[in-house]
Amino acid sequence: MRLANLSFRYARRAPWVLHDVRLDLPPGTVAEVTGRNGAGKSTLLRLLAGTTRPTRGTIADRPPIVGYAPEIFPVGQPFTVIAYLSHMAAVRGVPASAVTPWAERLGMTTFLDVPLGDLSKGSAHKVGLAQALLAPPGLLIMDEPFSGLDAETRAELPRIIEEVAAAGGIVVVSDHQSGLADRPGLTRLAVEHNTVRLLSPGEALAPDPHIGASEAPAADDVFAESTPLSSDTDAPGERAGPRLSPDPTDRAETVVSGKTVIEVLVDGDEAEAVTQKLRADGYDAHIRGERL
Amino acid sequence: MKPTLLLVRFKIAAYLRSHRIIQPFVGLLAMLIILYSTRVLAGHELSSYGDSAALLVPVFAWAARGLLDTEPDVQRLISVTASGRPGREVTAGLLAAAAVNAVLAALAVLVPLGIGFAVMPGGAVLAGGLALHFLSLLTGTALGALSSRPILRDQAMSTLVMLGAYVAMLLISLAPVTWLTVPLISWMRAAGRPSFLASALPGLAAITLAWCTAAFLAYTYLRRTRP
């Protein structure tokens, strides 16, 4: 699947959400999409899934069977789980019996007869995953698939992703929880500065759009090229601000004009977890180490 | 075509299970009570059908909008991927709305045969009534689609636009130039004449179909950027 000069904005004079994205996703690719909140990750996923039309550019060779698992499954529908999945199976042209193996693998057998509106967040999320998998997808798009899942399903999901990729499918996952971080050969995509670029192994997401990031990664076989934002757009271009100091004790000296430091007080044993969450969201978070 | 029809079934099932059909159904009952509270004398049946068709347009629009709005926004995205193409989801929505309205229209044609008309009318009157209600359900479905949530996200604005457009159609169709809008008033006027089927219906149907085609094309075009 190839994205050529892909751009998207919501209205004619609105700023670009994504601009001039060029990607090549060959069969078997497993890609993890990261980026700050509001960076355009979900928009990218919807463009890839074909549910949103690009404003400019094209997506070529999209596999015919696409599975799309949304970040938040819409439970406001008057069906039980089994009735809903049976309808989706029918629309996808697979027998209703295709529901059973996924219900078992995703731990859904106990609530198949429960109305969608009565499901817990994690159970509803599983329904969203199951409907995307009913027909073997050539392209599997999952928006925050690990969110709210129990430990068993969190462990099962990477295996399912491997199976889809092994069958030649393309898997694209938006993931704040790094559920696939240990997967060898994982393609990591960063949505930032209104475009998408490949992260090299070990490279972290740029902490802030106004603070300089590392240079573009080395070329990878998977991608034809990474695409910095062209300079003729109304979106913020690549900025060459000061680099982050590797030493957290230098934070005060590296605060950039226009930035604000906020203080968040948390319990000592939660500090690391909160810091990781903020970093996953693309913020420049550090533990100061002061105990009050 | 099969995924589209199965999506139609899914949408209708969701609409019926949500019980939102009760609202336009009550509207239909109210209209039928108003129209047929006194028995229609022999020879005036087609005129009554003309009134019924023109007055039921907002009921059909209400049903179409309700059906299209029943599906959550994210479910539309899922339906697009499940059916394989965005066009199938859009077509399925319109077909489902038209199918529900066809049932309501059939009731509007059949109920007066039992309780509204003093005598059973002939086949020509029935054909005229069916044709008028077919035009009415198409107009209502198009109006409901154009005021549904993917096009107009604000519920109050959507209701205002739907009812405002209907009133505007009524007012504009008072003008002697029939092609300015869907000729609702002309439906009513022409249906009272004895030569309605042969002389007036083809022209009125052509104008109505042209406007409805334009409305459906506009809806389909707008949905390209409003998934």
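Let's start with chain B, where the mean pLDDT is 94 and 100% of the residues reach 70 or more. Keep in mind as you look around that this is a predicted model. Within chain B, confidence is highest in helix 4 (residues 57-70), at a mean of 97, and lowest in helix 9 (residues 184-191), at 91. For the complex as a whole, the predictor reports an ipTM of 0.91 and a pTM of 0.81.

While you are in chain B, have a look at how two of its helices meet. Helix 5 of chain B spans residues 73-83 and helix 6 of chain B spans residues 86-115; the two pack with their axes 7 Å apart, at an angle of about 115°. Angles from 65 to 115 degrees count as roughly perpendicular, so helix 5 of chain B is roughly perpendicular to helix 6 of chain B. The crossing of helix 5 of chain B past helix 6 of chain B is right-handed. To find the contact on screen, pick out R76(B), S79(B), V80(B) and S83(B) on helix 5 of chain B, then P86(B), R88(B), E89(B) and A92(B) on helix 6 of chain B. Sorted by class, this contact of helix 5 with helix 6 of chain B holds three nonpolar, two polar and three charged residues.

Now let's move over to chain A. Chain A contains seven helices and nine strands, and 40% of its 292 residues are buried. Among contacts in chain A with a separation of 6 or more, 70% are between residues 24 or more positions apart.

Confidence deserves a careful look here. Chain A has a mean pLDDT of 80, with 78% of its residues reaching 70 or more. In chain A, helix 2 has the highest confidence, at 97, while helix 6 of chain A (residues 251-254) has the lowest, at a mean of 43. Across residues 208-255 of chain A the pLDDT is below 50, and this stretch has 81 contacts in the model beyond near neighbours in sequence.

Finally, bring the two chains together. Where they touch, chain A contributes 24 residues and chain B contributes 23. On the chain A side, helix 1 (41-49), strand 5 (66-69) and helix 2 (81-91) each supply at least two residues. Helix 2 of chain A provides the largest share of that side, with four residues; this is also the element with the highest confidence in chain A. By class, the residues of chain A that touch chain B divide into 12 nonpolar, nine polar and three charged.

How values were computed. Residues are numbered from 1 along each chain as its sequence is written. Chains are lettered from A and ligands numbered from 1 in the order in which they are written. This is a predicted model: local features need pLDDT of at least 70, side-chain atom pairs count only at pLDDT 80 or more; totals for chains, interfaces and linings use all residues. Axes are lines fitted to C-alpha atoms, for helices over the stretch in contact, and angles run from 0 to 180 degrees between N-to-C directions. Angles under 35 degrees count as roughly parallel, over 145 as roughly antiparallel, 65 to 115 as roughly perpendicular and the rest as oblique. A crossing is left-handed if the near helix is turned anticlockwise from the far one by less than a right angle, and right-handed if clockwise. Two residues are in contact if their C-beta atoms, placed from the backbone, lie within 7 Å. Ala, Val, Leu, Ile, Met, Phe, Trp, Tyr, Cys and Pro count as nonpolar, Asp, Glu, Lys and Arg as charged, and the others, Gly among them, as polar. A residue is buried if 20 or more other C-beta atoms lie within 10 Å of its own, exposed if 12 or fewer, and partly exposed in between; C-beta atoms are placed from the backbone. pLDDT is the predictor's confidence in each residue, from 0 to 100.
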